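Please go through the model shown below with me, one question at a time, and give the cut-offs behind each term as it comes up.

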Amino acid sequence: MSTKESTAQFLEEQVSAAGAVRIRKMFGEYALYCDDKVVALICDDRLYLKPTEAGKAFGGSFEEGNAYPGSSMFWIVEEDRWENREWMSELIRLTADALPKPKPKKPRKKKS
């Protein structure tokens, strides 16, 4: 089962106060970016947050799970918490701040 676009758009709107937030469709699911960092995945209409100490200090305990088979462990943010826009934005902001900056991409070689 893949994520409905309406679910991904709703979550993007809910956390819009966290910073430069955007979603990107990937293989029928979505990655949630904040300040150019992947902070969460939206898979099967569930929000999987990257675990950080700052997120745990702010949000408390979370159920853990794999966003897809073979993925690392993520925290599952329960749907009943999605309505609290301020709480969600702060959780995403704190998570983004705790994650390292993405490595610069190497330029692609031109085919000759």
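Helix 1 (residues 5-14) and helix 3 (residues 85-98) pack with their axes 8 Å apart, at an angle of about 85°. This is a predicted model, in which local features need pLDDT of at least 70 and side-chain atom pairs count only at pLDDT 80 or more, while totals for chains, interfaces and linings use all residues. Residues are numbered from 1 along each chain as its sequence is written, and side-chain values use heavy atoms, with hydrogens and water left out.

Q: How are helix 1 and helix 3 oriented to each other: roughly parallel, roughly antiparallel, oblique or roughly perpendicular?
A: Axes are lines fitted to C-alpha atoms, for helices over the stretch in contact, and angles run from 0 to 180 degrees between N-to-C directions; helices (H or I, at least four residues) and strands (E, at least two) are DSSP runs numbered from the N terminus. Angles under 35 degrees count as roughly parallel, over 145 as roughly antiparallel, 65 to 115 as roughly perpendicular and the rest as oblique. The angle here is about 85°, and helix 1 and helix 3 are therefore roughly perpendicular.

Q: Which residues of helix 3 meet helix 1?
A: Contact means heavy atoms within 4.5 Å. On the helix 1 side, the residues are Leu11, Glu13 and Gln14, and on the helix 3 side they are Arg85, Met88 and Ser89.

Q: How many disulfides does the model have?
A: A disulfide is taken as a pair of cysteine sulfur atoms within 2.5 Å. For Cys34, the nearest cysteine sulfur is that of Cys43, 18 Å away, and Cys34 is in no disulfide. Cys43 is likewise in no disulfide. By this rule the count is 0.

Q: Is Cys43 buried or exposed?
A: Cys34 has a relative accessible area of 0% and is buried. Cys43 has 4% relative accessibility, so Cys43 counts as buried.

Q: How many Å separate the C-alpha atoms of Ala18 and Cys34?
A: Ala18 lies in the loop between helix 1 and strand 1 (21-26), and at 6% relative accessibility Ala18 counts as buried. Leaving aside neighbours within four places in sequence, Ala18 is in contact with Cys34, Ser89, Ile92 and Arg93. Although Ala18 and Cys34 are 16 residues apart along the chain, their C-alpha atoms are separated by 7.2 Å.

Q: What is the relative accessible area of Asp36?
A: Asp35, in the loop between strand 2 and strand 3, has a positive phi of about 55° although it is not a glycine, and at 36% relative accessibility Asp35 counts as partly exposed. Asp36 lies in the loop between strand 2 and strand 3, with a positive phi near 65°. Asp36 is exposed, with a relative accessible area of 52%.

Key:
Buried means under 20% relative accessible area, exposed over 50%, partly exposed in between (1.4 Å probe, protein chains only).
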